[in-house]
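Please read them with the structure open.

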There are 2 protein chains.
Amino acid sequence: MALYVQKYGGSSVADAACMRRVAQRIYDTRQAGNQVVVVVSAMGDTTDDLIVLAKQVNPEPNEREMDSLMATGEMASSAILTMALHALGARAISMTGHQAGIKVDGTHLKAKIQEINPKRIRHHLDQGFIVVVAGFQGMNPAEDVATLGRGGSDTTAVALAAALKADRCQILKDVDGVFTANPRVVPAARKLDEIAYEEMLELASCGAEVLQSRAVEFAKNYGVVLEVLSSFEVKPGTLVREEDEAMEQMIIRGIAADKNQAKATLLGVPDTPGVAARVFKNLAAANINVDMIVQNVSAAGITDLSFTVPADDVAKTKRVIEPLVKEIKAAGLDFDGAIAKVSIVGVGMKSHSGVAYKMFEVLAENRINIEMISTSEIKISVVIRAPEADRAVRALHDAFDMGAAARQPPARKKPAPQKKK
Amino acid sequence: MALYVQKYGGSSVADAACMRRVAQRIYDTRQAGNQVVVVVSAMGDTTDDLIVLAKQVNPEPNEREMDSLMATGEMASSAILTMALHALGARAISMTGHQAGIKVDGTHLKAKIQEINPKRIRHHLDQGFIVVVAGFQGMNPAEDVATLGRGGSDTTAVALAAALKADRCQILKDVDGVFTANPRVVPAARKLDEIAYEEMLELASCGAEVLQSRAVEFAKNYGVVLEVLSSFEVKPGTLVREEDEAMEQMIIRGIAADKNQAKATLLGVPDTPGVAARVFKNLAAANINVDMIVQNVSAAGITDLSFTVPADDVAKTKRVIEPLVKEIKAAGLDFDGAIAKVSIVGVGMKSHSGVAYKMFEVLAENRINIEMISTSEIKISVVIRAPEADRAVRALHDAFDMGAAARQPPARKKPAPQKKK
């Protein structure tokens with residue numbers, strides 16, 4: 001008997017009809033002879049609605065209270081889904097994060113799972129129950145509810161799969177799996193059968209919204225085999241797993257574009273040691289996630305220092321940096337929100353040279369200017385103008401032959417794949 | 001420094017504007033130098049909306065899951081109210097029933113409070129916090145949430161007041177207090193300054209919706225001084241307390257009408273011992289609350305047996321009794337939903353004779369037929385036709401001089417109170 005952890009997101013359980021459909025899917029998995037633990041998000045827009053309500057009574061709501069408030073969304077949906085399972089004749093029981101034994105640290109709004117004691121889940125699985133766990137939450141040492149941050153239900157599912165040594169952790173979504181690029185931008189994008197943890201991790205942190213990086217990291221660390229698949233149709237999705245030789249050979253596995261970044265530039269900074277350190281120390285202290293950093297060549301001891309931050313953090317960045325401008329004798333501070341970060345990701349890069357060169361050439365051919373560059377072993381990211389992002393993604397997808405024709409296993413020699421415009 | 005427990009119902013916290021208003025009221029109580037524990041219901045129609053949703057996925061939802069679901073309503077509103085208090089600059093913290101130390105028995109949907117361990121509340125009160133507790137819920141021995149039944153937040157408030165030895169338990173509502181009769185039916189009805197526990201208890205169980213009988217019983221047993229008052233205006237309400245000589249002398253303190261009753265009649269029942277016992281044993285086993293019972297004089301060994309049940313329980317009563325009809329050789333089973341129970345209540349009855357006579361006379365003068373009668377030491381109830389209920393209440397209110405003029409203390413001799421039409 002296999003043990004499956006299935007996670008359903010908010011749009012998969014948006015209303016009663018969705019709940020009944022999801023319940024049927026879960027019940028079928030159980031009837032096929034598997035044990036099932038389900039992790040469920042809040043229904044539809046519940047979390048957003050609760051945030052709006054909170055801000056109506058307090059523009060800066062207390063984090064502990066926000067956690068208590070938001071966690072109710074997942075508690076409610078786990079109970080409703082359990083009722084829908086009962087209606088099908090299934091034995092099922094709902095559990096809050098606390099009841100499921102999920103212990104988190106004390107950081108409200110972005111708590112980290114510290115330990116899972118799955119005793120109560122095990123007990124009910126052994127008795128033939130489907131266990132439906134409220135995602136996104138756990139109990140902290142102060143015995144308060146704390147939430148795991150946006151998309152935290154993915155992390156709940158992976159952590160439970162690790163703790164229960166589940167055979168597979170399925171993330172059911174309103175997409176069919178992980179694609180080579182966003183299909184709404186690139187019509188030729190195709191669903192991947194498999195992807196390596198590292199690739200998924202890079203894509204997730206580069207703006208691909210299909211999985212939370214934290215969940216992927218957790219899966220990688222604990223060797224949990226993840227599957228991203230459709231909650232609407234029963235068909236195989238994308239396996240996220242350890243890279244091995246059986247995995248399809250692709251130089252570039254995916255392309256992501258992130259338009260939720262802004263570029264900050266400190267103008268006329270005296271090029272003396274310690275200035276950059278002060279800037280980034282203060283940003284780190286304010287919990288602002290700096291992604292890319294570029295410092296221009298110094299001219300007459302003066303330089304410009306640019307870095308990207310999440311667009312949501314622009315106001316906060318301003319508050320942190322503006323007092324510094326005078327202190328470090330800079331000429332000013334500038335923000336540019338009209339940028340996009342486009343990234344290509346693939347473990348194949350490790351063994352193929354010339355990938356960066358090809359990327360830059362393709363962009364140049366398309367007259368797209370590169371403003372910043374950053375690379376890792378399996379990723380190249382560039383910052384370009386936001387309106388050019390979709391065109392850049394399409395051109396790169398095409399140039400690296402990532403479309404439908406590449407579906408053929410590379411072993412069988414085939415004619416050169418047909419280019420798509 | 002006095003300790004107040006304040007309970008706000010769902011209509012008092014229906015939206016963000018209500019939340020802010022209630023927060024101001026609580027903050028004012030705190031600023032006046034009092035410690036405050038707040039008990040709050042779910043916002044507006046939240047509980048009803050959750051029940052509708054549950055029934056959409058399962059017409060007969062599991063009771064444990066219903067409790068998990070409904071309890072989220074109070075959890076959310078306690079967090080929102082706490083945020084609204086923060087916005088005013090108050091120190092405040094929300095607690096679920098569990099966090100507030102409320103332990104209940106295992107009966108889902110109508111759990112009873114078994115024990116309160118107010119350690120965490122005390123700790124925060126001592127540090128100057130306003131503590132906002134989610135009403136209507138507690139943790140049962142299985143570590144599941146269980147709810148106290150409709151209106152259970154009143155009980156939460158009284159139980160917390162008892163456990164904390166609070167100076168007063170205030171139930172803030174959208175009415176000004178307890179009235180001599182429903183002011184929508186009787187324009188001359190007046191707000192009572194005080195009422196004895198026993199009177200409030202009888203009125204609550206006779207259809208007056210101002211307080212839950214269970215909450216009043218709890219207050220009586222633990223000597224908690226209750227006050228029912230307006231959540232909209234700051235002015236004294238009605239004190240519910242132990243009867244003593246300082247309390248205003250009134251023969252009848254209040255009149256209540258309950259239209260949510262139905263009369264069931266078992267026709268042609270053989271008048272043999274044990275028949276009634278079987279009927280009422282089965283009803284009790286099905287948890288159906290039988291209120292009044294009348295058995296006609298037997299003629300030729302055959303009698304009719306009538307009893308009243310809550311209108312909501314008619315279908316269930318049918319299911320329980322119909323199989324019995326044949327078994328006990330009765331002629332049939334009849335239901336009459338067009339009845340009302342009108343009750344007059346007052347501790348003054350104990351020392352005044354002729355009250356029942358006067359009631360029957362007033363009804364007769366108004367050509368209102370009495371179908372059933374039941375009495376206690378401080379209450380007389382009659383069942384009449386439903387459409388005559390309002391007229392009956394007005395006539396009785398008038399005949400017993402319960403209107404505004406009776407506000408004068410009876411010690412000072414005054415001209416006879418002016419009658420109102």
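This is a predicted model: local features need pLDDT of at least 70, side-chain atom pairs count only at pLDDT 80 or more; totals for chains, interfaces and linings use all residues.

The points below run from the pair of chains down to single residues.

1. Local features are discussed only where pLDDT is at least 70.

2. The interface. The contact involves 27 residues of chain B and 27 residues of chain A. On the chain B side, α1 (16–31), α2 (46–57) and α3 (63–87) each give at least two residues. Which helix supplies the largest share of that side? It is α3(B), with 13 residues. By class, the chain B side holds 15 nonpolar, 9 polar and 3 charged residues.

3. Helix packing in chain A. Two packed helices are described by the angle between their axes and the distance between the axes. For α1 (16–31) and α3 (63–87) of chain A, the angle is about 65 degrees and the axes are 9 Å apart. The crossing of α1(A) past α3(A) is right-handed. From α1(A), the contact uses M19(A), R20(A), V22(A), A23(A), I26(A) and Y27(A). From α3(A), it uses I80(A), L81(A), A84(A) and L85(A). The class count for this contact is 9 nonpolar, no polar and 1 charged.

4. Domains. Chain A is assigned domain 1 (3–174) and domain 2 (246–421). Their C-alpha centres lie 35 Å apart.

5. Helix α11 of chain B. This helix spans residues 389–399. Its buried residues are A389(B), A392(B), V393(B), R394(B), A395(B), L396(B) and H397(B). Note that R394(B) and H397(B) are on that list. Just after α11(B), D401(B) has a positive phi of about 50 degrees.

6. Positive phi at E143(A). Phi of E143(A) is near 60 degrees, which is positive in a residue other than glycine. The residue sits in the loop between β7 (137–139) and β8 (145–147) of chain A. Is E143(A) buried or exposed? E143(A) is exposed, because 11 other C-beta atoms lie within 10 Å and the cut-off for exposed is 12 or fewer.

7. Positive phi at K329(B). K329(B) also has phi near 60 degrees, a positive value in a residue other than glycine. Where is K329(B) found? Its place is the loop between α9 (314–327) and β17 (332–336) of chain B. K329(B) has 12 other C-beta atoms within 10 Å, so it is exposed.

8. S306(A). This residue belongs to strand β16 (302–310) of chain A. S306(A) counts 19 other C-beta atoms within 10 Å and is therefore partly exposed, since a buried residue needs 20 or more. I293(A) is 13 residues from S306(A) in sequence, yet their C-alpha atoms are 5.8 Å apart. Leaving aside residues up to four places away in sequence, S306(A) touches K263(A), A264(A), T265(A), V294(A) and M372(A).

Conventions
Residues are numbered from 1 along each chain as its sequence is written. Chains are lettered from A and ligands numbered from 1 in the order in which they are written. Axes are lines fitted to C-alpha atoms, for helices over the stretch in contact, and angles run from 0 to 180 degrees between N-to-C directions. Helices (H or I, at least four residues) and strands (E, at least two) are DSSP runs, numbered from the N terminus. A crossing is left-handed if the near helix is turned anticlockwise from the far one by less than a right angle, and right-handed if clockwise. Two residues are in contact if their C-beta atoms, placed from the backbone, lie within 7 Å. Ala, Val, Leu, Ile, Met, Phe, Trp, Tyr, Cys and Pro count as nonpolar, Asp, Glu, Lys and Arg as charged, and the others, Gly among them, as polar. Domain bounds come from an automatic or database domain assignment.
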